[in-house]
Amino acid sequence: MPKRNRLRACASRPTRSNAVKSASDSPVGPAARRLRDEAAAGIASPSARRLVSTARAFRTALHAWYDQHSRQLPWREAPSLYQTVVSEFMLQQTQVKTVLPYFTRWLAALPSFPALAAADEATVLRLWEGLGYYTRARNLHRLARCLVGMSPAPRTPEAWRDLPGVGPYTAAAITSIAFKAHAACVDGNVVRILARLTADGTAFRDSAEAARHFTVLAGALLSAERPGDHNQAMMELGATVCLRHQPRCTVCPVRPFCAAARLGQPTSFPRLAAKSVQHQLVIRVWCERAGRLLLHRASASARRLASIHELPTASEAGIAAAQATRGELLARKRRTITRHHLTESIYVAPAPRHLAGPGLVWVPLSQLDAVTLSGPHRRWIGEILAARRAD
Ligand code: SF4
């Protein structure tokens with residue numbers, strides 16, 4: 001069945017509140033070792049072949065370090081499929097220290113797939129507020145609704161990739177950690193480590209191309225016995241030792257295997273094309289009327305910030321930019337979203353008599369907590385109101 005049809009079938013299944021069970025159809029033990037050997041046989045690069053020839057010793061060093069030095073993280077304490085899935089979604093493009101308070105709050109409010117599946121979207125978005133990339137929250141919600149209708153839960157990366165919001169990396173992470181599936185995770189951290197271990201000078205257009213390039217090597221190094229721990233050890237090494245700008249080679253457990261460290265040039269690898277950055281100026285307006293603040297709610301089908309509120313841009317509020325900038329400047333903020341560097345200026349503007357565009361809503365200042373705002377806008381609005389109280 002084509003992927004789109006499978007997802008539609010998943011979405012239309014009635015949800016059940018049964019706990020998610022699992023089936024045993026992922027390769028482990030000898031089957032996993034055979035997969036790994038097949039991957040190794042397909043490697044052409046001499047430096048990668050040298051590394052693979054020492055794979056057993058490499059894994060021993062990596063796992064010993066991980067067993068001793070891995071960070072205590074809440075999703076590792078008493079791991080479950082649910083905790084693994086939630087943490088992997090939250091960690092997409094987000095650092096561990098940012099995720100920690102969100103993970104704890106989420107687990108307290110929605111402790112299981114059935115609880116998440118039964119929650120309404122507003123609750124889900126509210127719990128996610130401030131983490132950004134809200135599509136992840138919606139996909140996690142849809143995924144929970146799919147999984148409670150499935151028994152047992154799928155165990156292979158291929159099956160997980162048919163589920164909402166699950167790409168190759170997330171599928172490998174979830175199935176290797178939860179089911180010991182033989183699936184190597186390849187993200188920016190792993191690309192960096194493998195490029196340095198092999199001093200691979202290939203020039204890549206982007207991180208996706210680099211990830212594809214190193215997937216076979218990652219699979220050839222993967223532990224057949226501990227694939228989940230192995231993947232987490234690689235991620236941990238990239239996050240805490242093999243850092244992008246200042247790799248800590250003197251304390252690195254796999255330094256004896258590292259060609260870039262031998263050359264004395266670890267930061268020369270990997271060779272990724274610089275991202276083009278776009279600068280953008282945004283004029284926003286602060287309109288108040290009778291204790292209510294004008295906000296803009298993005299449409300439910302918007303690519304970014306679907307159903308999330310922000311202060312309106314001048315054009316969303318139907319106010320010409322030249323007129324808006326005549327008002328008092330309340331704040332000027334800078335932030336980066338993917339490769340867009342935004343400078344957002346917030347001006348006091350007269351309240352429009354009629355709400356011109358779609359998505360404009362008046363929200364009582366006393367009820368701002370009841371709507372889902374993007375993280376930066378909640379912070380900025382709080383700062384502006386606090387400054388006003390202090391005057
Ligand atoms: S020796 Fe240095 S460059 Fe090589 S993997 Fe370790 S930290 Fe990275």
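Ala, Val, Leu, Ile, Met, Phe, Trp, Tyr, Cys and Pro are counted here as nonpolar, Asp, Glu, Lys and Arg as charged, and the others, Gly among them, as polar. With that division, the shell around the ligand has twelve nonpolar, three charged and no polar residues. The structure is a predicted model, in which local features need pLDDT of at least 70 and side-chain atom pairs count only at pLDDT 80 or more, while totals for chains, interfaces and linings use all residues. Residues are numbered from 1 along each chain as its sequence is written.

The ligand is surrounded by 15 residues, of which Cys242, Cys249, Cys252, Cys258 and Pro266 are the closest; a residue is taken as near a molecule or strand if its C-beta atom, placed from the backbone, lies within 6 Å of it. Two helices, H13 (188-197) and H16 (259-263), each supply at least two residues of this shell, and H13 gives the largest share, three residues. Helices (H or I, at least four residues) and strands (E, at least two) are DSSP runs, numbered from the N terminus.

Seen as a whole, the chain holds 18 helices and nine strands, and its C-alpha atoms fill a box of roughly 75 × 55 × 40 Å along the principal axes. The domain assignment, whose bounds come from an automatic or database source, gives domain 1 (3-272) and domain 2 (278-390). The C-alpha centres of domain 1 and domain 2 lie 37 Å apart. The contact between them takes seven residues from domain 1 and eight residues from domain 2, where two residues are in contact if their C-beta atoms, placed from the backbone, lie within 7 Å. On the side of domain 1 that touches domain 2, three residues are nonpolar, two are polar and two are charged.

Of the 391 residues in the chain, 38% are buried; a residue is buried if 20 or more other C-beta atoms lie within 10 Å of its own, exposed if 12 or fewer, and partly exposed in between, with C-beta atoms placed from the backbone. A nonpolar core is a set of buried Ala, Val, Leu, Ile, Met, Phe, Trp, Tyr and Cys residues joined through C-beta atoms within 7 Å. The largest such core has 78 residues, and those that touch the most other members are Cys185, Val186, Val190, Leu194, Phe214 and Ala218. Because domain 1 and domain 2 both give residues to this core, it lies between them. A second, separate core of 17 residues includes Leu294, Ala324, Trp380 and Ile381.

Helix H15 (residues 227-240) is mostly covered, with twelve of its 14 residues buried. Among the elements that cover these buried residues are helix H4 (55-69), helix H12 (168-179) and H13. From its first C-alpha to its last, H15 reaches 20 Å, close to the 20 Å expected at 1.5 Å a residue, the expected span being 1.5 Å times one less than the number of residues.

Some local backbone features deserve a look. The peptide bond from Phe269 to Pro270 is cis, with omega near -5°, and Pro270 is found in the loop between H16 and strand E2 (271-272). Ala290 has a positive phi of about 50° although it is not a glycine; this residue is in the loop between strand E4 (288-289) and strand E5 (292-297), and Ala290 counts as exposed because 7 other C-beta atoms lie within 10 Å.
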